[in-house]
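Please take a moment to look over the structure shown here before reading on. The paragraphs that follow go through its parts one after another.

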Amino acid sequence: MGSVVVLQSAVLIAMIDLVGLTKRFDGFTAVDRVTLSVAPGEILALLGPNGAGKTTTVRVLAAILRPTMGHAFVAGYSVTEHAQEVRRRVGLLTEYPGLYLRMRGEDYLDFFGRLMGLDADECERRARELLARFGMPEAWDQRMGTYSKGMRQKMALVRAMLHDPPVLLLDEPTSAMDPHSAKLVRDTVRSLRHHRRAIVICTHNLAEAEALASRIAIIRRGRIIALGTPAELKARLLGPSLMELRLLHPTDGVVNLISDLVKVEVQGENWLRYATANPQETNPLLLQTLAAYGVGVITLSEVPRSLEDVYLRVVEE
Amino acid sequence: MVAVTERMRATVGEAPRLVLTLIKREVWDTLRDWRIIVPIVILTLFFPALMSFVANMALDWVAEYGAPIVGERMLPFLLMVVGFFPISFSLVIALETFVGEKERRSLEPLLATPLTDAQLYLGKTLAAMLPPLLAAYLGITVYLTGLHFFKGWSPPPILLVLVVLLTTAEGLVMVSGAVVISSQTTSVRAANLLASFIIIPMTLLIQGEAIIMFWANYGVLWWVVLFLVVVDVILVRMGIHIFNREELLGREIDQLNVASLWRKFCGYLRWEPWFFGLDLQKMPAWLRWLGMVGGLYGRDIPAILRRSWLALAVVVIGLLFSAGIGYDFATRYQLPPGVLQLENVSAETFSELPAVDWLPVFTVWGVLLNNVRSLMAAALLAVFSFGTLAVALLMAPLAIVFFFVTQAAYVGYSPALFFAAFVLPHGLLELPAATIATALAVRLGAAFMSPPRGMTVSDGWLWALADFVKVFIALLLPLLVLAAAVEVRVTPTIVAWAFGG
């Protein structure tokens with residue numbers, strides 16, 4: 001009990017806390033000594049190839065699977081010792097919507113709302129509000145068997161958010177959705193970022209992860225192999241920023257003019273690229289030098305580097 | 001954030017509320033599946049009405065041929081049938097209950113709710129039982145109403161209570177068994193195949209009940225009800241013990257990993273070397289085998305016996321009960337005078353016993369082989385009967401022994417001397433060996449019902465099997481060899497000395 005009390009008092013520091021979490025199935029290690037914490041107000045994206053251990057991690061956090069070794073605390077409660085308390089505080093969007101297709105939206109949400117401890121009025125108010133937010137108020141009266149794929153996914157998301165949990169675990173939240181619905185869900189997730197709520201998203205959609213997540217954890221074979229903000233990961237794994245300079249004239253001779261400031265990596269007829277660890281200092285100096293020699297500059301910009309580059313670098317290593 | 005309604009939890013009581021919510025949804029779902037509802041309605045309303053009509057016609061018809069007794073016996077039988085048919089649907093519903101949800105991917109959201117494993121199990125079990133059971137009661141009502149109007153026949157109240165109890169207990173057996181199957185399989189197809197383990201015994205039971213109904217010995221059916229209640233308790237306990245959400249979700253395919261199972265089994269067979277606290281590393285290499293022997297007999301086997309105490313207690317109680325049965329039968333069925341004549345018994349009398357087919361050849365090898373075979377059969381039967389048949393198999397010869405001990409007393413011999421001469425010499429070795437072997441066999445069967453805490457069913461069973469194999473080879477086999485030698489070489493001499501002329 002002592003550890004629980006301590007962790008409950010430390011809720012403001014970490015809403016999710018994993019310490020050496022390991023999960024084995026019959027000799028196969030799905031999650032291997034994962035240590036990680038997610039603070040309230042934070043959105044963590046779990047990235048990784050299929051079978052990397054993302055869903056298993058989420059299932060442990062939802063107190064469905066028990067850790068083989070290590071500890072997992074959610075909202076201050078141990079997933080092994082206080083599984084029910086954890087489940088009350090977690091909203092889980094599963095990989096598949098898993099709806100009861102013979103039921104109507106109203107009955108379905110009423111069922112889950114009651115299991116989560118909501119009374120009928122509160123449940124209906126929350127359910128209608130969420131359905132309206134996802135642009136499908138008509139789903140309330142319809143049998144779920146008649147829903148489109150996207151509607152089913154959104155209904156599953158409503159189910160996960162119904163009891164307004166402090167921890168949201170979203171496994172592939174926008175899979176099977178059309179671009180409009182996916183944007184709607186992304187906007188909703190962004191709006192759910194709350195100073196008392198932690199959100200974990202498992203996704204293969206790297207652009208989505210980059211757009212939503214405050215931090216990203218890349219998992220491979222059950223281990224976290226990279227963890228940080230998107231910017232940190234890019235800097236750490238892809239090296240210094242790459243700048244592209246476009247000139248009015250051919251680059252002949254310009255390379256020599258700036259060779260003391262930067263090392264040119266690649267060049268074309270009227271453009272060149274260089275890497276710099278400190279663009280704030282390097283770029284103004286470079287522009288001053290070029291201006292002093294009367295070299296006309298069209299643009300100086302950072303070459304965009306996607307999270308995909310980071311991901312592929314890490315996973316392929 | 002929305003606060004969870006504490007008041008609601010406090011006033012209604014959370015556990016029953018959660019279970020009722022689950023039951024309500026499950027029943028609701030069942031009632032919206034026309035593939036279940038149409039047959040239930042037919043079996044609840046149409047079929048009992050038809051049975052009532054048929055019974056009415058049949059009564060008149062058999063009466064014309066001077067056999068009214070056939071009609072009289074048929075009415076209670078049909079009462080049982082109209083009750084049983086609707087509850088047969090509970091099997092279909094229960095088989096589908098977990099594995100069907102798993103196949104439709106709707107199980108994981110349910111497992112993520114605050115429902116405990118026991119609440120999930122209970123809710124699903126009751127939900128699978130309620131609609132078919134209510135349909136069965138309705139069917140019985142329709143049948144009896146029809147007969148009342150057609151013939152003015154009503155069953156004796158006790159018979160009605162008996163049939164209702166029988167129907168309920170049968171329903172619970174099928175549902176609790178099917179829920180166990182459903183929670184341990186990964187596809188509805190596999191669950192349906194395994195359902196044979198429920199359907200076949202139930203079919204045999206119903207046939208037996210039909211015979212009893214025509215025999216009109218309704219008192220026997222109370223024993224059937226008692227038996228079913230015991231099976232219900234075992235299955236429900238088994239279900240609660242082995243049901244856990246991790247198993248439900250963790251197992252994706254029914255894969256039999258023989259290599260992994262074998263490794264586990266070998267791991268359970270191992271034991272720590274020990275020899276009276278001595279540092280084995282400091283002992284000469286050629287003496288280190290003593291550590292293995294000391295570890296096995298000084299530590300490991302006693303530990304196995306300690307953890308088998310409950311099974312041992314069950315076997316001992318069974319043996320005491322068998323003594324009572326032997327005594328009871330002996331008092332009711334006394335042997336005719338002259339059958340038990342021991343004056344002319346000699347050591348050679350025993351060697352003539354092979355003339356009786358079912359007895360083993362009276363040699364050390366023959367007796368040993370018979371004992372080993374019996375104990376192996378007990379272990380095998382235990383696996384299929386939650387351990388009960390292993391105890392029954394040991395009780396049978398003990399009941400026979402006490403039957404003859406009591407008969408000996410009736411014809412004037414000392415029962416203590418009879419027991420001491422015929423049983424005790426080899427029994428001192430054989431009885432403990434058989435008791436321990438049976439207890440370990442009981443554990444083999446009970447592992448399905450109640451695996452040790454923290455273990456899966458397969459791990460618990462492999463552990464029990466390793467214990468059985470280890471103790472059987474290291475302890476019981478030597479005891480049985482000695483017992484067989486004493487039985488063949490010593491017991492006849494003692495019997496001849498005690499009773500012979």
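**A walk through the two chains**

In chain B, the centres of domain 1 and domain 2, taken over C-alpha atoms, are separated by 39 Å. This description rests on a predicted model, and within it chain B is divided into domain 1, covering residues 12–250, and domain 2, covering residues 308–499. The contact between these domains takes six residues from domain 1 of chain B and seven residues from domain 2 of chain B. On the side of domain 1 of chain B that touches domain 2 of chain B, helix α11 of chain B, made of residues 218–242, gives the most, with five residues. Sorted by class, that side of domain 1 of chain B has three nonpolar, one polar and two charged residues.

Staying with chain B, the reader may turn to helix α19 of chain B, which runs over residues 415–422 and in which B:Phe418, B:Ala421 and B:Phe422 are buried. Viewed down the axis of α19(B), the buried residues fall within an arc of 85°, and so they line one face of the helix. The cover over the buried residues of α19(B) includes α18 (388–410) and α22 (491–499) of chain B.

The next topic is chain A as a whole. Its secondary structure comes to twelve helices and 14 strands, and its C-alpha trace spans about 75 × 45 × 35 Å along the principal axes. Of the 317 residues in chain A, 42% are buried. Among the contacts in chain A with a separation of 6 or more, 68% are accounted for by residues 24 or more positions apart.

Two sheets of chain A can be followed strand by strand. In one of them, six strands form an open sheet of chain A in the order β6-β7-β8-β3-β9-β10, with mixed pairing. The edge strands of this sheet are β6 and β10 (223–228) of chain A, each of which pairs on one side only, and neighbouring strands of the sheet are turned by 15° against each other on average, direction ignored. Within the sheet, strand β7 of chain A (residues 167–171) and strand β8 of chain A (residues 198–202) pair in the parallel sense over five bridges, and the bridge partner of A:Asp171 in β8(A) is A:Cys202. Helix α2 of chain A, residues 54–61, packs on this sheet, where it touches β3 (43–47), β6, β7, β8 and β9 (215–220) of chain A, and the direction of helix α2 makes about 150° with that of β8(A).

Beyond helix α2, the loop between α2 and β4 (69–74) of chain A holds A:Ala63. The phi angle of A:Ala63 is near 60°, which is a positive value in a residue other than glycine. Is A:Ala63 buried or exposed? A residue is called buried if 20 or more other C-beta atoms lie within 10 Å of its own, and because A:Ala63 has 27 C-beta neighbours inside 10 Å, A:Ala63 counts as buried. Another alanine, A:Ala75, is found in the loop between β4 and β5 (77–78) of chain A. The phi angle of A:Ala75 is near 50°, a positive value in a residue other than glycine, and A:Ala75 counts as buried because there are 24 C-beta neighbours inside 10 Å.

The other sheet to follow is an open sheet of four strands in chain A, with the order β12-β13-β11-β14 and antiparallel pairing. The edge strands here are β12 (264–267) and β14 (297–302) of chain A, and each pairs on one side only. Neighbouring strands in this sheet are turned by 20° against each other on average, direction ignored. Strand β11 of chain A, residues 241–247, runs antiparallel to β14(A) and is joined to it by five bridges; A:Arg246 has A:Thr299 as the bridge partner in β14(A). Helix α11 of chain A, residues 279–292, packs on the sheet and touches β11, β13 (271–276) and β14 of chain A, with a direction that makes about 170° with that of β14(A).

Finally, the two chains can be considered together. In the contact between them, 34 residues of chain A meet 27 residues of chain B. The elements that give two or more residues to the side of chain A that touches chain B are α3 (83–88), β6 (90–93), α4 (105–115) and α5 (120–133) of chain A, and of these α4(A) gives the most, with four residues. By class, the side of chain A that touches chain B has 15 nonpolar, six polar and 13 charged residues.

Notes: Residues are numbered from 1 along each chain as its sequence is written. Chains are lettered from A and ligands numbered from 1 in the order in which they are written. This is a predicted model: local features need pLDDT of at least 70, side-chain atom pairs count only at pLDDT 80 or more; totals for chains, interfaces and linings use all residues. Two residues are in contact if their C-beta atoms, placed from the backbone, lie within 7 Å. Ala, Val, Leu, Ile, Met, Phe, Trp, Tyr, Cys and Pro count as nonpolar, Asp, Glu, Lys and Arg as charged, and the others, Gly among them, as polar. A residue is buried if 20 or more other C-beta atoms lie within 10 Å of its own, exposed if 12 or fewer, and partly exposed in between; C-beta atoms are placed from the backbone. Domain bounds come from an automatic or database domain assignment. The arc is that of the directions from the helix axis to the C-beta atoms. Two strands pair if DSSP finds at least two bridges between them. Axes are lines fitted to C-alpha atoms, for helices over the stretch in contact, and angles run from 0 to 180 degrees between N-to-C directions.
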